[in-house]
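The exercises below are to be worked with the sequence and the model side by side. Each one opens with a task and continues with a solution that goes step by step.

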Amino acid sequence: MGRSGIVEGPIDEEAEMRSVAEGRTEVGAIVTFRGVIRETSPHGRVKFLYYDFYPEMAGKALEEIRRKAIEKFGLVDATLLHRVGEVPVGETALLVIAASEHREAAFEAARWMVDEVKRSAAIWKKEVFVGGGERWVEEG
Amino acid sequence: MVRMRLYGWVAERFGWREKSLEFEGTIEDLLNGLNAELAELISKGRVMVAVNHSLERDLSRRVSGDDIIAILPTFSGG
């Protein structure tokens, strides 16, 4: 079964993939998106990102996005996880899995879920740089 | 006791995360009484207000008792 939620440690992507697809013989396409922490930033060399979040609002928003994606795109199932706290370079901060009968729905749903997380989940990130210094990322 | 929460860069800017205070009145009065800069950030649209875990645009809404008022920067997850 797919799921949604805030995660406070590394995400086991293989396990999440298995739980979305296992035994679902109607699934013909699985699209996975991993939002990974990159080292480069216009403001310096990133050591890690720190994610702050509003527990009651963020968790609810992630489940709402997952539920809407399943409805809107007719998915068989979906998973939407966002890691919080310190996330080092190279590790996954956002995992989106969309499973559907056909590929178009899975591709579109995955992109839509990523955009919706950025737009409506009460989560904030701060770049922490190698050698000191930090900067909150402001969108919009 | 009304509970106030700050998140993201707002919490760092003001140096606190959560406060409880005796208050009954509008959100606008609460913010003006608490910190003029905070009230200004909201009027300029740089931050949002949530009451009891839902975004609230009406600053004339009255809050009291167990209400939780949160000040939220623009979301930047992902």
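**Exercise 1.** Find the residue whose side chain makes a polar contact with the side chain of A:Trp136, and describe the surroundings of A:Trp136.

*Solution.* The partner is B:Glu12, whose side chain lies 3.0 Å from that of A:Trp136 in a polar contact (a pair of N or O atoms within 3.5 Å; within protein, one must be able to donate a hydrogen and the other to accept it, and residues adjacent in sequence count only if both atoms are side-chain atoms). This is a predicted model, in which local features need pLDDT of at least 70 and side-chain atom pairs count only at pLDDT 80 or more, whereas totals for chains, interfaces and linings use all residues; side-chain values use heavy atoms, with hydrogens and water left out, residues are numbered from 1 along each chain as its sequence is written, and chains are lettered from A and ligands numbered from 1 in the order in which they are written.

**Exercise 2.** Describe the contact between chain B and chain A by its residues, its area and its polar interactions.

*Solution.* Begin with the residues, of which chain B supplies 20 and chain A supplies 24. Together the two chains bury about 1,900 Å², with 51% of it on carbon and sulfur atoms (buried area being the accessible area, 1.4 Å probe, that two parts lose on being put together, summed over both). On the side of chain B, the residues that lose the most area to chain A are B:Phe75, B:Ser76 and B:Gly78, which together account for 36% of what that side buries.

Continue with the polar interactions, where 17 residue pairs are in polar contact between chain B and chain A, both residues being at pLDDT 80 or more. Helix 1 (8–14), strand 5 (54–55) and strand 7 (68–73) of chain B each supply at least two residues of the side that touches chain A, and strand 7 gives the most, with four residues. That side of chain B divides into nine nonpolar, seven polar and four charged residues (Ala, Val, Leu, Ile, Met, Phe, Trp, Tyr, Cys and Pro count as nonpolar, Asp, Glu, Lys and Arg as charged, and the others, Gly among them, as polar).

Finally, count the salt bridges between chain B and chain A, which number four (a side-chain nitrogen of Lys or Arg within 4 Å of a carboxyl oxygen of Asp or Glu). B:Arg46 forms a salt bridge with A:Glu138, in which the closest N and O atoms are 3.0 Å apart.

**Exercise 3.** Which residues form one aromatic cluster, and how is B:Tyr7 paired with A:Tyr54 and with A:Trp124?

*Solution.* A pair of aromatic rings is described by the distance of the centres and the angle of the planes. Over all chains the structure holds five aromatic pairs (rings of Phe, Tyr and Trp, the last by its six-membered ring, with centres within 6.5 Å; planes under 30 degrees apart count as stacked, over 60 as edge-to-face and the rest as tilted).

Take A:Tyr54 and B:Tyr7, a stacked pair with 4.7 Å centre to centre and 15 degrees between the planes. This pair crosses between chains, from A:Tyr54 in the loop between strand 4 (44–53) and helix 2 (55–73) of chain A to B:Tyr7 in the loop between strand 1 (2–6) and helix 1 of chain B.

Now take A:Trp124 and B:Tyr7, also a stacked pair, at 5.4 Å centre to centre and with 20 degrees between the planes. A:Trp124 lies in strand 8 (residues 123–129) of chain A and B:Tyr7 in a loop of chain B, so this pair joins two chains. A:Trp124 is buried at 1% relative accessibility, and B:Tyr7 is buried at 3%.

The cluster itself is formed by A:Tyr54, A:Trp124, B:Tyr7 and B:Phe75.

Definitions and conventions. Contact = heavy atoms within 4.5 Å. Buried < 20%, exposed > 50% of the residue type's maximum accessible area, 1.4 Å probe, protein only. Lists of a residue's contacts leave out its neighbours within four places in sequence.
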